[in-house]
Amino acid sequence: MRDTGKEADWEKEKLTNEWQATVSTEQFNVVRRVYQQERLNKDAEYQYPHHPWSRRVKVLVRSCGFGECLGNAVPIIKWLPKYNFKKHFVHDFIAGATTAVMHIPQGLAYSLLANAPPVTGLYMAFFPMLVYVLLGTSPHVSLGTFAVGMLMCGKCVQQYAIGTEENPAQYTAVEVITVLSFMVGIFQLLMWCLRMGAVSTLLSEPLVSGFTTGASLQVLASQLKDLFGIKIPALPTNYKVINNVIEVSKRLPSLNWVAVAISFITCLLLALNNEHLKPWMSKRVPIPLPTELLLVVSGTLISKYAMLHENYNMTLIGHIPTGLPLPQVPPLDLMGYLVVDAFMLTMVTYSITLSMGLIFAVKEKYEIDANQELLAMGASNLFGAFFSCAPFCASLSRSYIQYSAGCKTLITSLVSALFVLVVVLWIGPFFEKLPRCVLASIIVVSLKGLYMQILDLKKFWKLSKLDAIVWLISFLVTALINIDVGLFAGLIASLGALFIRSQTPYTCILGRVMDTDIYLDIKRYRAAHEIPGVKIYHYCGGLNFASKNIFRTKLYRKIGLLRSTTDVVPDDANSVITKDDGYNRSESYEWDHSASNKLQCVIVDATAMSYVDAPGIKALVGVEEELANQNITLLLAGPSAPVQEMIERFNTLEKERLNLLTFPTVHDAVMYYKATSAKKNGTDITVTVPQS
């Protein structure tokens with residue numbers, strides 16, 4: 001059979017190549033007047049987009065009718081009546097059962113990271129999901145326990161729920177994690193009310209990658225004692241990786257060899273499954289093999305019948321209650337101590353969950369409402385806080401398994417929650433004899449993807465040195481000090497990198513390419529040549545109070561009015577990493593009065609000027625006056641409509657006025673200069689521009 005898809009692609013590529021070959025050999029002559037911006041606005045009938053308040057109120061009332069508001073706030077009202085039972089239910093049921101199988105071992109294991117009872121992880125897979133199914137918009141994410149979030153909870157539990165003989169704890173571990181869940185829910189609901197769904201963009205990709213990689217080392221260090229079957233004293237909250245390694249090393253002579261053997265076998269089987277068996281099975285069976293659950297069941301049975309606790313002093317997970325917990329109000333007097341930790345948890349859990357949801361949304365071509373996710377997660381965390389739940393988050397591994405198993409809608413999450421409910425009601429006590437080293441092995445191996453993120457550093461180093469520095473700061477501070485300190489340091493580094501980029505905008509001098517109206521960077525295009533007597537300064541970025549001095553200094557350096565006092569030729573690469581101001585940043589400059597004899601006109605190309613404020617316009621006014629004193633004309637080319645409108649508002653409110661002639665394109669400004677310099681009528685001449 002012929003591959004019709006490949007033939008279609010080949011035919012399309014052939015037609016494209018023929019079209020490009022035809023167009024590249026033709027020339028088009030465009031004949032029009034040389035426009036000033038004011039004349040173009042008149043001919044093109046420019047009008048300021050104005051929406052009266054009456055119209056805005058009508059639109060708001062129409063879009064916020066009771067039915068529309070209810071449908072937007074509770075999405076299940078929209079998609080459930082359209083649910084195709086015959087087409088989707090089998091897929092959702094299989095995916096839900098498969099995910100539930102993963103919830104059981106991970107729920108039990110990750111609860112240890114939070115220093116909470118093992119059943120906490122099972123509660124988190126049930127109670128919050130009942131609310132998220134009603135309000136959520138991401139069907140493919142598997143919400144519940146996640147290593148990083150539970151470790152952050154564990155830090156708070158250790159601080160406020162694990163006391164000493166001199167200072168006994170006033171709160172239980174469950175009370176601490178429920179207060180965290182309550183406060184995270186409140187924060188997320190406040191963010192929803194303020195429509196702050198885009199706030200997660202503050203956590204850049206280098207920050208998240210470095211932070212989660214550092215947190216994975218925190219998780220690994222916290223599980224060493226269970227992997228080796230030894231007991232260590234309570235450690236300070238900071239420098240836990242270093243302290244854990246030191247304490248475990250001291251007690252290696254007294255390690256439990258049975259625990260070491262079980263840990264080694266469990267890690268080996270999990271690694272072989274993940275690297276070899278799982279890829280082989282995925283090509284033949286749509287449902288993944290529940291290796292983690294099989295190991296948990298096997299470990300429980302071996303521990304029970306071999307009496308590992310009695311004979312070999314193995315540490316077990318202990319009591320798992322049956323039935324559902326009674327709703328209880330968290331101890332609200334603890335809220336004041338956990339504000340910072342709860343806010344950090346809010347940012348981390350929301351960012352990771354939204355990122356996972358967007359990945360699947362792109363694959364399946366549906367929309368994720370970032371603000372609605374805040375409502376769904378906030379309400380779910382608030383509800384779960386009354387039922388012994390910690391703040392929940394999307395799990396990377398479970399989400400991919402849920403997606404691969406054929407999930408179609410949020411019915412998958414409901415099915416998964418019902419399966420977990422069965423375990424909570426009747427099967428939970430079966431796992432009481434499970435050795436903790438088995439759960440520690442599951443945790444350590446399941447985080448392989450986070451460990452491997454250390455390779456991201458090489459990628460970020462090649463893409464941007466600043467991003468690599470953000471990654472390193474986030475990783476090192478998180479791994480060596482603490483997770484909350486690491487997140488804060490990474491956030492500061494990310495904002496610092498953003499500020500540095502805003503302070504190093506891309507600037508260059510443009511030249512004309514042959515006899516066209518195309519103007520390019522003369523340092524990058526050898527065919528672009530400067531026009532005698534004219535400097536075309538291209539500025540990319542915002543012109544505001546923070547960048548006005550940079551704009552002015554770079555402009556004077558580029559056009560030659562400021563020259564270096566040393567013999568070093570300035571570097572004009574203009575990237576964030578290269579030395580845009582010259583080889584030596586301490587290099588000094590002086591005013592070159594002779595340069596003005598060769599220069600008659602400066603054109604500022606504002607096509608890439610994203611924003612301008614009042615101080616930025618004042619800087620332009622100052623530049624205009626300084627150049628006028630040197631008998632140099634300043635023209636503005638290609639400003640966007642918002643920039644033009646801001647200039648107009650400035651001229652009506654301030655005594656200082658910006659009286660620059662403005663043109664829609666650089667070529668219009670060049671033609672105007674040539675015409676006026678030749679003593680022609682600059683606004684009415686007609687030119688023919690060959691474009692190849």
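Biologist: Does F650 count as buried or exposed?
Modeller: F650 lies in helix α28, residues 641–653; helices here are DSSP runs of H or I with at least four residues, strands are runs of E with at least two, and both are numbered from the N terminus. Buried means under 20% relative accessible area, exposed over 50%, and partly exposed in between, with a 1.4 Å probe and protein chains only. The relative accessibility of F650 is 4%, so this residue counts as buried.

Biologist: What kind of model is this, and which pLDDT do side-chain atom pairs need in order to count?
Modeller: Residues are numbered from 1 along each chain as its sequence is written, and side-chain values use heavy atoms, with hydrogens and water left out. This is a predicted model, in which totals for chains, interfaces and linings use all residues, local features need pLDDT of at least 70, and side-chain atom pairs count only at pLDDT 80 or more.

Biologist: Which residues is F650 in contact with, leaving aside its neighbours within four places in sequence?
Modeller: Contact means heavy atoms within 4.5 Å. I617 is 33 residues from F650 in sequence, and their C-alpha atoms are 7.7 Å apart in space. Beyond its neighbours within four places, F650 is in contact with A614, I617, K618, V621 and E656.

Biologist: How many of the 692 residues of the chain count as buried, as a percentage?
Modeller: The chain has 29 helices and 14 strands. Among contacts with a separation of 6 or more, 81% are between residues 24 or more positions apart. Of the 692 residues, the buried part is 49%.

Biologist: With which residue does the side chain of H103 make a polar contact?
Modeller: H103 belongs to helix α6, residues 85–113, and counts as buried because its relative accessibility is 4%. A polar contact is a pair of N or O atoms within 3.5 Å; within protein, one must be able to donate a hydrogen and the other to accept it, and residues adjacent in sequence count only if both atoms are side-chain atoms. Beyond its neighbours within four places in sequence, H103 is in contact with residues including L122, R398 and V420. The polar contact, of 3.5 Å, joins the side chain of H103 to that of S142.

Biologist: What distance separates the C-alpha atoms of M152 and N482?
Modeller: M152 is part of helix α9, residues 147–160, and is buried, since its relative accessible area is 5%. Leaving aside neighbours within four places in sequence, M152 is in contact with F211, M344, L345, V348 and I483. M152 and N482 are 330 residues apart along the chain, yet their C-alpha atoms are separated by 9.2 Å.

Biologist: Why is helix α8 described as largely enclosed by the rest of the structure?
Modeller: Helix α8 covers residues 127–135. Its buried residues are F127, P128, M129, V131, Y132, V133 and L135.

Biologist: Is α8 roughly parallel or roughly antiparallel to α18?
Modeller: The axes of α8 and helix α18, residues 370–384, come within 8 Å and cross at roughly 155°; axes are lines fitted to C-alpha atoms, for helices over the stretch in contact, and angles run from 0 to 180 degrees between N-to-C directions. Angles under 35 degrees count as roughly parallel, over 145 as roughly antiparallel, 65 to 115 as roughly perpendicular and the rest as oblique. The crossing angle therefore makes the relation of α8 to α18 roughly antiparallel.

Biologist: Which residues of α8 and α18 make the contact?
Modeller: By class, this contact has nine nonpolar, three polar and one charged residues; Ala, Val, Leu, Ile, Met, Phe, Trp, Tyr, Cys and Pro count as nonpolar, Asp, Glu, Lys and Arg as charged, and the others, Gly among them, as polar. The residues are F127, P128, V131, Y132 and L135 of α8, together with Q372, E373, L375, A376, A379, S380, F383 and G384 of α18.

Biologist: At what angle do α11 and α25 pack?
Modeller: Helix α25 spans residues 483–502, and its axis is 10 Å from that of α11. The contact involves L207, F211, A215 and Q218 of α11 and I483, G486, L487, G490, L491 and S494 of α25. The two helices pack at an angle of about 165°.
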